[in-house]
Amino acid sequence: MRLDKLLSDMDMASRSELKKNIRKGLVTVNGEIVKDPSTALNGDEKIVYCGEELTYSEFEYFMLNKPAGVLSASMDKKQKTVIDLIDCRHRKDLFPVGRLDKDTVGLLLITNDGQLAHELLAPNKHVDKSYFVRVDADLDENDTAAFEKGIELEDFTTLPAKLEIKADSKNEAIVTIHEGKFHEIKRMFHACGKEVVYLKRLTMGSLKLDESLKEGEYRKLTEEELADIKKSVV
């Protein structure tokens, strides 16, 4: 990989600015000043850019506890996105795996691993996603049966889903679905005559929300979490 592309991928500056700084001698590779932006690198070299030592990462993986009011998008000119919350990122190509509605909170995987994202979101993989939900009316066995059968909406019929009503609160439940179409859970409850007032994603495949993360907080995935989630889509 070219030196200027590597630094650009790590979001150090614009490509043109990087080339200027490299030619000014502001970059060292393994302790040696390098002034050619096209210098080929393997990615395991010790690189210092403008006095900052860098660690190159081809892929990054973050678990975010998404807060309400933030868009599940890579960028937006007017509103804050989930990527804006990741301060320690080294890559400029991060994106959220799937989308949570603006007012929905909870687990969101942020990465630049397109292959893993594709596997997690592919309809034929049927990756389970579970949510805590609170609605504006009591739930009963009719709702459980409707979710288990699949609910006919205007444009499609949902796959069978699992609705587990909380024993201590009849208007709260855990919902597990195998797809993730636009506003799907909210539309399913609406079809049952109820409106969702709070929605929080808890799991995606084997990945579980770290409940020690407050809304808006994030951390890198552990090696074990990453290995498990990759196994779950094989």
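**Contacts.** I started with contacts (heavy atoms within 4.5 Å): among those in the protein between residues at least 6 apart in sequence, 63% join residues at least 24 apart.

**Ground rules.** I am working with a predicted model, where local features need pLDDT of at least 70, side-chain atom pairs count only at pLDDT 80 or more, and totals for chains, interfaces and linings use all residues. Residues are numbered from 1 along each chain as its sequence is written, and side-chain values use heavy atoms, with hydrogens and water left out.

**Overall form.** I looked up the secondary structure next and found six helices and 13 strands; helices (H or I, at least four residues) and strands (E, at least two) are DSSP runs, numbered from the N terminus. The radius of gyration is 22 Å, well over the 17 Å that the globule rule gives for 234 residues, so the protein is more spread out than a compact globule. Here the radius is taken over C-alpha atoms, and the rule is 2.2 Å times the number of residues to the power 0.38. I also noted the box filled by the C-alpha atoms, roughly 70 × 35 × 35 Å along the principal axes.

**Burial.** Of the 234 residues, 47% are buried; that means under 20% relative accessible area, with exposed over 50% and partly exposed in between (1.4 Å probe, protein chains only).

**Helix α5.** I checked which residues are buried in α5 (residues 184-191) and got Glu184, Ile185, Lys186, Met188 and Phe189. Their cover includes β8 (129-135), α4 (141-149), β9 (162-165), β10 (172-177) and β11 (196-204). After α5 comes glycine 193, with a positive phi near 85°.

**Aspartate 9.** I found this residue in helix α1 (residues 3-9). Aspartate 9 is buried, at 12% relative accessible area. Leaving out residues up to four places away in sequence, aspartate 9 touches Met1, His90, Arg91 and Lys92.

**Aromatic pairs.** I counted four in the structure. Rings of Phe, Tyr and Trp (its six-membered ring) pair if their centres lie within 6.5 Å; planes under 30 degrees apart count as stacked, over 60 as edge-to-face and the rest as tilted. I opened the pair of phenylalanine 59 and tyrosine 61: the centres are 6.4 Å apart and the planes at 50°, so the pair is tilted. Phenylalanine 59 is partly exposed at 36%, whereas tyrosine 61 is buried at 10%. Then I took phenylalanine 132 and tyrosine 198, with centres 6.0 Å apart and planes at 65°, so this pair is edge-to-face. The pair links distant parts of the chain, strand β8 and strand β11, with the two residues 66 apart. Phenylalanine 132 is buried at 13%; tyrosine 198 is partly exposed at 25%.
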